[in-house]
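Let's take a friendly walk through a protein structure and look at its aromatic rings. Keep the sequence and the 3D view at hand as you read.

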Amino acid sequence: DNKIRLTNAYQEKDWVLLANFTDQTLVRNYVAFQMSNGLNMDFTPSYVFVDVYVNNQYLGNYMLTDQIEVTNHRVDIEENVSDINTGYLIEYDVGLYRVGLENTDENYFIINGIPFVVKSPSYTDEHYLNGHKEYIETYMNRVFDALENGNDYNQLIDEASFIDWLIVSEVFKNVDSGYSSVYYYKDKDGLLEMGPLWDFDLSSGNQGHLGDDLRGPEGWYTMRQDKNILFYYLWQYDEFQEAFKDRWNEVYQPVILPVLDNIFDAANLITYSRYQNFIRWDIIGTNADWYTAPEVYAIKTYDEQVWFLHDYLQTRIEWIDNQIND
């Protein structure tokens, strides 16, 4: 019930324990958040591995991280103000259709068939106004209209934040970049920005429910018309592609290439923990659920899982680099 400081320098009430159960390396989220930090993206969630015990029963390796929410230590934008021009945090969440729109109590609006959930201001807050959802829905409609019609977007979105978000999402070929856990925020009087990054367990070759043509390390993903329509529109702008290329080349050596070494550093960090984890959860080479890609299922050891991730991202990075610098 009270705010608490765990491994962080700040106190919060809500913390997240990510099981990373679908990721048989356990490190995809960790390394993606490292990359976000390297790009100096605003509001990158904290990330630290922990071993979880409940009543002395070992439950495995988890990644302790932040809840995606508006606070002074997380998404630090204006909140709790009875004014429609305030801070907003929203989520692109096609996953609501799986729940059933008639079954959800989320505060959402739909544009182009995409549900956007208003995470903040929350309609349970005492400062919430009926005009809050209408305000951000109107703003998002302006963004869609501008991009769909090829109009100037610089007075609506923060291009730099969109590019950094896209770089990480494309390096990892994250299946959720056009589905859910896609966050946007807008501060009072500010432009629409992307982030924080979230949810990378089903990425980098671990997307078992995708076909062979989409799962491999080559090919653009997020900006496909059937994935994230906003990035599909943005990718039609020559100036956006040029800005993407410039940023890619700027961060290629200091941020992107180190991702490959960071994989092994993260795996070494949890050597004892992940050994115990896979005794507790014997899933490597045995788990064949819907999200397990055949390439991942065929791998029978942890070391091979780590090398698969490394080789996938190495090929992926080389492919993107060749595409944008050709």
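Predicted model: local features only at pLDDT ≥ 70, side-chain atom pairs only at ≥ 80, totals over all residues.

Searching the whole structure turns up 30 aromatic pairs. Let's begin with Phe 116 and Tyr 184, whose ring centres are 6.1 Å apart.

Where do Phe 116 and Tyr 184 lie? You will find Phe 116 in strand E6 (residues 114–120), while Tyr 184 belongs to strand E7 (residues 182–186). The two are 68 residues apart in sequence, so their pairing ties together separate parts of the chain. Both Phe 116 and Tyr 184 are buried.

Now turn to Tyr 232 and Tyr 233, another tilted aromatic pair, with 5.9 Å from centre to centre and 55° between the planes. Is each of these two buried or exposed? Tyr 232 has 24% relative accessibility and therefore counts as partly exposed. Tyr 233 has a relative accessible area of 10%, so this residue is buried.

Ring pairs can also join up into a group. Here, they link Tyr 92, Phe 109, Phe 116, Phe 144, Phe 162, Trp 165, Tyr 184 and Phe 231 into a cluster. Notice that Phe 116 and Tyr 184, from our opening pair, are among its members.

Finally, look for charges over rings. The charged end of Arg 280 sits over the ring of Trp 281, at 4.1 Å from the ring centre. Likewise, Lys 300 places its charged end over the ring of Tyr 297, 4.6 Å from the centre of that ring.

How values were computed: Residues numbered from 1 in each chain as written. Heavy atoms only, no water. Phe/Tyr/Trp six-rings, centres within 6.5 Å; stacked < 30°, edge-to-face > 60°. Helix = DSSP H or I, 4+ residues; strand = E, 2+ residues; numbered from the N terminus. Buried < 20%, exposed > 50% of the residue type's maximum accessible area, 1.4 Å probe, protein only. Lys NZ or Arg CZ within 6 Å of the ring centre and 35° of its normal.
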